[in-house]
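Here is a walk through one protein model, in two parts.

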Amino acid sequence: AGGTQGFANAAMEGNRLAYYDAQENVIRFLDASFKEVSKVKLQQEPEGNPLITGDLSTAFYCVGGDIRAMDLQTGIARMVCQRADQDLYLMALVLNDSVLCCLVTENGKSHVEFLNAENGLLLTEDADRAAVLAKALCDLNRQRQAVESEIYDQAVSMLPEGKVPEA
């Protein structure tokens, strides 16, 4: 376990450096003399190395099929996107840290995707792929609506006779 392993995805701003220390599951912050000035523990142990934004404010990392973003000032993490049926590996932050470059593996096949770092939406110029994904989202939404309707009907059937459901 070489000592430089944690520097795989280091980021620097001015005279500060931040890097992920996998042994302790923390992002360490160093000053210009390489003295540690602070550290932030990640809430979950990531798969692979987290990516740290150039301004040292956010760490992006994968847990299961999720991509999460952790604010390194507050320690609060948020879900960027959820892909339970896919393996994700973060490769790079590009375009001023606004786009995540991810290696996605699904059913044994891998491909690269670009995601909006703020909301996890897929970015593509491939109109055919966008149409396939849009159709899949519409199908999932219809399934969700059908389940929601069934739950509502079941709940209404449990009300005492003559009782009208209230909004």
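A pocket here is an open set of grid points where a 1.4 Å probe fits, with protein on both sides within 12 Å along at least five of seven lines, and its lining residues have an atom within 4 Å of a point. The model is a predicted one.

The largest pocket has a volume of about 620 Å³. Its lining is made up of 18 residues, and Gln82, Arg83, Leu122, Leu133 and Leu137 lie nearest the centre. By type, the lining residues divide into nine nonpolar, four polar and five charged. At least two residues of this lining come from each of strand E8 (77-82), strand E11 (109-116) and helix H1 (127-157). H1 gives the most, with five residues.

Six of the six residues of E6 (residues 58-63) are buried, so the strand is largely enclosed by the rest of the structure. In a regular strand the side chains alternate between the two faces of the sheet. In E6, Thr58, Phe60 and Cys62 point one way, while Ala59, Tyr61 and Val63 point the other way.

E6 has antiparallel pairings with two strands, E5 and E7. With E5 (residues 47-52) the pairing runs over three bridges, and Leu51 stands opposite Phe60. The hairpin of E5 and E6 has five residues between the strands, and Leu56 in the turn has a positive phi of about 60°.

With E7 (residues 66-71), E6 is joined by six bridges, and Ala59 stands opposite Met70. Two residues lie between the strands of this hairpin, where Gly64 takes a positive phi near 60°.

How values were computed:
Residues are numbered from 1 along each chain as its sequence is written. This is a predicted model: local features need pLDDT of at least 70, side-chain atom pairs count only at pLDDT 80 or more; totals for chains, interfaces and linings use all residues. Side-chain values use heavy atoms; hydrogens and water are left out. On a 1 Å grid over the protein atoms alone, a cavity is a set of points where a 1.4 Å probe fits but cannot get out, and a pocket is an open set with protein on both sides within 12 Å along at least five of seven lines; lining residues have an atom within 4 Å of a point. Grid points are joined across faces, edges and corners, and a volume is the space filled by probe spheres set on the points. Helices (H or I, at least four residues) and strands (E, at least two) are DSSP runs, numbered from the N terminus. Ala, Val, Leu, Ile, Met, Phe, Trp, Tyr, Cys and Pro count as nonpolar, Asp, Glu, Lys and Arg as charged, and the others, Gly among them, as polar. Buried means under 20% relative accessible area, exposed over 50%, partly exposed in between (1.4 Å probe, protein chains only). Two strands pair if DSSP finds at least two bridges between them.
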